[in-house]
Amino acid sequence: MDHFARLGVPAALDVDVAALDRAYFALQRQWHPDRFVSRPPEERAKASSEAASLNEAYRTLKDPLRRAFYMAERAGVEMPGDGKTIDDPELLMEAMEAREALHEASAPEAVDALAAEARQGVQKALAGLASLFLANDRAAIRKALLRLRYLDKFAEEARARRMNIERSGA
């Protein structure tokens, strides 16, 4: 059973988060292993398995980036190797330049500006994905997902860089 069906929500990039939460918590109450403590071993094992599958489905669908990668996988989009490698020369150059700018940033404000730019890029790329999925443009989906993965990682690196600057300046 796919994650959307498991949680009873429509298979879409734009998920109603409140409906997702309601479905998850209702099913979690139903399948929580503590409710099966006095049941036969087969029922306990099934409850444990269902709860684990439910948790994985929820984690995947709750996060927009993980949800996009999950939908791409379901659509047969091939990602390079581990899915984290950048094999797009244009994106690779952009990533190298951005990381260099981040390395050179010496003030929290400069890092914040770079991080804000990355977050805007994530939002823009996520917004554009729906039309790519509708068109079933696997090459463009793949390129957009690689960009999303890079921007998400860059935002994480920016947070770490800001903390390092703050620590060294304190």
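Q: In which helix is Leu-92 found?
A: Leu-92 is found in helix H5. Helices are DSSP runs (H or I, at least four residues), numbered from the N terminus. This is a predicted model, where local features need pLDDT of at least 70, side-chain atom pairs count only at pLDDT 80 or more, and totals for chains, interfaces and linings use all residues. Residues are numbered from 1 along each chain as its sequence is written, and side-chain values use heavy atoms, with hydrogens and water left out.

Q: Why is Leu-92 called partly exposed?
A: Its relative accessible area is 37%. Buried means under 20%, exposed over 50%, and partly exposed lies in between (1.4 Å probe, protein chains only). Therefore Leu-92, at 37%, counts as partly exposed.

Q: What makes the nonpolar surface patch of about 280 Å²?
A: Leu-92, Met-93 and Met-96 make this patch. Patch residues have over 30% relative accessible area and no salt bridge; nonpolar side chains (Val, Leu, Ile, Met, Phe, Trp, Tyr) are joined within 5 Å, like charges within 9 Å. Leu-92 has 37%, so it passes the area cut-off.

Q: Why is the contact between Arg-74 and Asp-2 called a salt bridge?
A: The closest N and O atoms are 3.5 Å apart. A salt bridge needs a side-chain nitrogen of Lys or Arg within 4 Å of a carboxyl oxygen of Asp or Glu. The pair therefore qualifies. Arg-74 in helix H4 and Asp-2 in the segment before H1 are 72 residues apart, and the pair links distant parts of the chain.

Q: Why are Arg-74 and Asp-2 called partly exposed?
A: Arg-74 has a relative accessible area of 43%, and Asp-2 has 25%.

Q: What makes Arg-162 and Asp-112 a salt bridge?
A: Their closest N and O atoms are 2.5 Å apart, so the pair meets the salt-bridge cut-off. Arg-162 lies in helix H7 and Asp-112 in helix H6, so parts 50 residues apart in sequence are tied together.

Q: How many residues does the largest nonpolar core have?
A: It has 43 residues. Such a core is a set of buried Ala, Val, Leu, Ile, Met, Phe, Trp, Tyr and Cys residues joined through side-chain atoms within 4.5 Å. Leu-7, Leu-129, Leu-145 and Leu-148 have the most contacts inside it. Helix H7 gives the most to this core, with 11 residues.

Conventions:
Helix = DSSP H or I, 4+ residues; strand = E, 2+ residues; numbered from the N terminus. Areas by Shrake-Rupley, 256 points an atom, 1.4 Å probe, with all protein chains shown as cover.
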